[in-house]
Amino acid sequence: MNGTSAFLSPLARTMPPSGIRQFFNAVNANPRVISLGVGEPDFRTPKHAREACMRMLEAESMTYTPNEGLMALREAIADYLYEGWRLAYEPSKEVLITVGGSEAIDLALRALITSGDEVLVPVPNYVVYTPIALLNGGTVVEIPLSASKSFKLTAEALRQAITPRSKVLVVNFPNNPTGAIMTYDDWLPIAKLIEEHNLIVLSDEIYAELTYEQKHVSLASLPGMKDRTIVISGFSKAFAMTGWRVGYACGHSDLIGAMTKIHQYTAICAPVIGQIAALECLRGCMEEKDRMIQSYDQRRRKFVQGLQDIGLPCKEPEGALYAFPSIAHTGMSSQQFAKKLLEEAEVAAIPGDVFGSGGEGHLRCCYAASSSQLAEALQRMDYFLRSQRI
């Protein structure tokens, strides 16, 4: 059939592909490329989790689980969140297991958005929020985050973005791509505005475990915030389970119930084998998780110092897995710099502008690669900068 693109919706036809995946594909096409692009740990999933899955494969068939996920996993997640961040959720009705954190984000925005609702998205930020909001009929309002304020969300910036049509605020701290975190005192004035303007919050906390100077503070832990916040997280980053695709959402039973109904008709349930691995991680892999985080902390310090040494100004990130150096002084756009770096130095990093307008002039570099790869990447980047006479 000719002209089948005419059948596509205008949004599907015009929506650009992920700026991250473009560079991911380039890495797969050239084995010599060192990837600082995709936020993927270089560790294996903890051994006990792998062994539990192998035992299950031998002993049982791979069946569906309840739509909400295995009760044992939901209970373990509730215990984990309470122990770690004093977030109290009822496993039977306030916890939903999803196909990665990405499905949880999609379900939350589908459940919340009515056509024309404004979705407030601080930028730079993870690339999925805006496309999903648009696909569900929302209007996206970007809130610029400033490097001069450590890329934190401020009450002043939020207040300026709010209108009578504002409904959903998306927050992602520790932040991808900047590594910024929010403290309790940072959140207090934000929480007051959220209540004042009756906003609902999608809080993507996939990097909650990955804070290095101080402990993560969830917005949902502040007074009055739990019932109007959907907390989203998963096992990909802290437990090295990116390919297993297990995430979760926690919130008021009305919100989780609505998300579960959509989940029933789309994914049905998260893969049972992934749920078993996640459960085993929570039951017996905490020491291994902590060792991975300690390693990321060491890499973070050395890599950021290396960026500074070769002439790329970079604030030390306080969370997540990313450095966000400035390349503004090179005279190149972030797209130009990233493409030339890939072509000439065979190092893949993500141009900052794919994370929203506030990311222009920066480059996202993931330091979850091995220490040897990070060292080699810095050498290649140094040579590249010198070759550009920068």
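## Where two helices touch

Which residues in H3 meet which residues in H11? On the H3 side you'll find His48, Ala49, Ala52, Cys53, Met56 and Leu57, and on the H11 side they meet Val272, Ile273, Ile276, Ala277, Glu280, Cys281 and Gly284. Sorted by class, the residues of this contact come out as ten nonpolar, two polar and one charged. One thing to keep in mind as you look around: this is a predicted model.

Now for the geometry. H3 covers residues 47–59 and H11 covers residues 272–284. Their axes are 8 Å apart, and the two helices pack at an angle of about 140 degrees. Angles over 145 degrees would count as roughly antiparallel, so H3 and H11 are classed as oblique to each other. As for handedness, H3 passes H11 in a right-handed crossing.

Next, turn to H6 and H10. Helix H6 takes in residues 100–112, while helix H10 runs over 253–266. They pack at an angle of about 115 degrees, with their axes 9 Å apart. The range from 65 to 115 degrees counts as roughly perpendicular, so that is the label for H6 and H10. H6 makes a right-handed crossing as it passes H10.

Who does the touching? From H6 come Glu103, Ala104, Leu107, Ala108, Arg110, Ala111 and Leu112, and from H10 come Leu255, Ala258, Met259, Ile262, His263 and Thr266. By class, that gives nine nonpolar, two polar and two charged residues.

## Zooming in on Ala111

Let's pick one residue from that contact. Ala111 sits in helix H6. If you skip its neighbours within four places in sequence, Ala111 is in contact with Ala258, Met259 and Ile262. Take Ile262: Ala111 and Ile262 are 151 residues apart in sequence, yet their C-alpha atoms are 7.8 Å apart in space.

Is Ala111 buried, exposed or partly exposed? With a relative accessible area of 33%, Ala111 is partly exposed, because that label covers values between 20% and 50%.

## Two helices roughly side by side

H12 and H14 make another pair to look at. H12 spans residues 286–309 and H14 spans residues 371–387. The angle between them is about 10 degrees, and their axes are 10 Å apart. Angles under 35 degrees count as roughly parallel, so H12 is roughly parallel to H14.

Here the contact is made by Arg299, Phe303, Gly306 and Leu307 of H12, together with Ser371, Leu374, Leu378 and Met381 of H14. The class count for this contact is five nonpolar, two polar and one charged.

## A tucked-away asparagine

Now leave the helices for a loop. Asn125 lies between strand E3 (118–123) and helix H7 (129–135). Its relative accessible area is 2%, so Asn125 counts as buried, the cut-off being under 20%.

What does the side chain of Asn125 have around it? A polar atom of that side chain lies 2.8 Å from the backbone oxygen of Pro122. The side chains of Asn125 and Asn175 are also joined by a polar contact of 3.3 Å. Leaving out neighbours within four places in sequence, the residues in contact with Asn125 are Asn172, Asn175, Asn176, Pro177 and Phe355.

Most residues other than glycine have a negative phi, and most peptide bonds are trans. With that in mind, look at the loop between E3 and H7 again, which is also where Pro124 is found. The peptide bond from Val123 to Pro124 is cis, with omega near 5 degrees. Phe173 and Pro174 are joined by a cis bond too, with omega about -5 degrees. Pro174 belongs to the loop between strand E5 (166–171) and helix H9 (184–196).

Then there are the positive phi values. Arg245 is not a glycine, but its phi is near 60 degrees. Arg245 sits in the loop between strand E7 (229–234) and strand E8 (247–250), and it is partly exposed, with a relative accessible area of 29%. Ile268 isn't a glycine either, and its phi is positive at about 70 degrees. You'll find Ile268 in the loop between H10 and H11, partly exposed with a relative accessible area of 31%.

Technical notes. Residues are numbered from 1 along each chain as its sequence is written. This is a predicted model: local features need pLDDT of at least 70, side-chain atom pairs count only at pLDDT 80 or more; totals for chains, interfaces and linings use all residues. Side-chain values use heavy atoms; hydrogens and water are left out. Helices (H or I, at least four residues) and strands (E, at least two) are DSSP runs, numbered from the N terminus. Buried means under 20% relative accessible area, exposed over 50%, partly exposed in between (1.4 Å probe, protein chains only). A polar contact is a pair of N or O atoms within 3.5 Å; within protein, one must be able to donate a hydrogen and the other to accept it, and residues adjacent in sequence count only if both atoms are side-chain atoms. Contact means heavy atoms within 4.5 Å. Axes are lines fitted to C-alpha atoms, for helices over the stretch in contact, and angles run from 0 to 180 degrees between N-to-C directions. A crossing is left-handed if the near helix is turned anticlockwise from the far one by less than a right angle, and right-handed if clockwise. Ala, Val, Leu, Ile, Met, Phe, Trp, Tyr, Cys and Pro count as nonpolar, Asp, Glu, Lys and Arg as charged, and the others, Gly among them, as polar.
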